[in-house]
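Subject: Structure for your files

Hello,

Here is the structure, with its sequence. My notes on what turned up follow below.

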Amino acid sequence: MHADLKNLLEKYLAGELSAEEFRRLWSASREPGSRQTWESFMKEIWNDPRYHQLEDNGAKDAVLEKLRPVLKDVPRKRAPFINRRTWWAAAASLLLLAGGASYFLQSKKPVQLASTPPPPIKKNEVQPGGDKAILTLADGTTITLDSASNGMLSQQGNTKVVKLANGKLEYNTSGAPASEVMFNTMRTPRGGQYRITLPDGTQVWLNAASSITYPTAFSGEERMVKVTGEAYFEVAPLEHKTPFKVKIMSGAGEEKAQVTVLGTHFNINAYDNEGDIKTTLLEGSVKISQGAFSINLKPRQQAKIAQKIEVVEPDDLEEITAWKEGYFKFNEADIGSILRQAERWYDITVAYPNGVPKDLFSGSLPRHVSLTKFLEILVYSDINAKIKERTVIINP
């Protein structure tokens, strides 16, 4: 089997591997005693720039730094060989060095990696999500943003609502705010995302199946918005230090918690089917409140909110905010959590007739790939995924 492993690896890098041969490759990589063959081949391709177009050691070191979130056990300035419980890191290094042959393990921003453009998605494949949202104005009028023309969409008091290119909406206030407080709501469907600049300059990225409700002009002693689902905030600091508050709501309209900030970057994940509500601070400071209890977060901390607030320090902040940068990232994530993201982004339903498999996955892939390409990640654990219209059936 070891000779077969080397043959399959060579065919993989040449782009000549069939789906069945890919399964054989993965099975061969886990055979007892295959490690020596695998590492020998890894040394061979790492020392041969024809495989990865890296002519000098500095370029190789740059690639290793990009791989480090996946190859956790690799010491600095050493080839990507593996010393872990599973063969995952070895597979990750191979596929990354292949430079685009597999989207799943491709680095977000490869450093001088040989790469190929993404193949076109066939018409009969389930398409990935995109810039889609519905805007509800103060009078109840709705605007489908993905089909609306760029330019001014509405005048809300002294505030102009302007659609920009590339999935962005902006509120521009001129003069004193109107005496009447008007609220707008942006909702993204499953398979949608959108970005908005609020009247105070705060930037908000809205993930799939999420919403944000906000005034068309901020006035008074605080800036208050309401959010469901997932959103990333870059709050604009104001000279008069008006606090910015986010009420985290359930899909049924129940307030679950509140975040108070002055100027900061943070991510809120509050989907009803994800269990804990997670607020992750990247920059600045925030106060998390639930009822009478509150706690302050420092950068790189996350508040998990269920029956009480628990503060943790996530291993990988990039995994949390990858969605706003246009890719998925998983760090030993279980299949259930991975496919819940797929459900929201591809607008599908996932069924587990024989229960949810226990496998864990690490790696990343762009959000623009088809559902078929996304599901290739399950090949690594011999998990069968069958697509029937917009339902994915999972069997171990």
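Helices (H or I, at least four residues) and strands (E, at least two) are DSSP runs, numbered from the N terminus. By that count the protein has eight helices and 24 strands. This is a predicted model, in which local features need pLDDT of at least 70, side-chain atom pairs count only at pLDDT 80 or more, and totals for chains, interfaces and linings use all residues. Residues are numbered from 1 along each chain as its sequence is written, and side-chain values use heavy atoms, with hydrogens and water left out.

Of the 396 residues, 50% are buried (under 20% relative accessible area, 1.4 Å probe, protein chains only).

On the cores: a nonpolar core is a set of buried Ala, Val, Leu, Ile, Met, Phe, Trp, Tyr and Cys residues joined through side-chain atoms within 4.5 Å. The largest has 40 residues, and L169, M186, Y214, F233 and F266 have the most contacts inside it. Strand β11 (residues 223–234) gives this core its largest share, four residues. Another core lies apart from it, with 24 residues, including A342, I377, L378 and I383.

M186 touches (heavy atoms within 4.5 Å) A133, I134, L145, L169, Y194, I196, L206, S210, S211, I212 and Y214, leaving aside residues up to four places away in sequence.

On helix α6 (residues 317–325): its buried residues are L317, I320, T321, A322, W323 and K324. Just after α6, G326 has a positive phi of about 95°.

Regards
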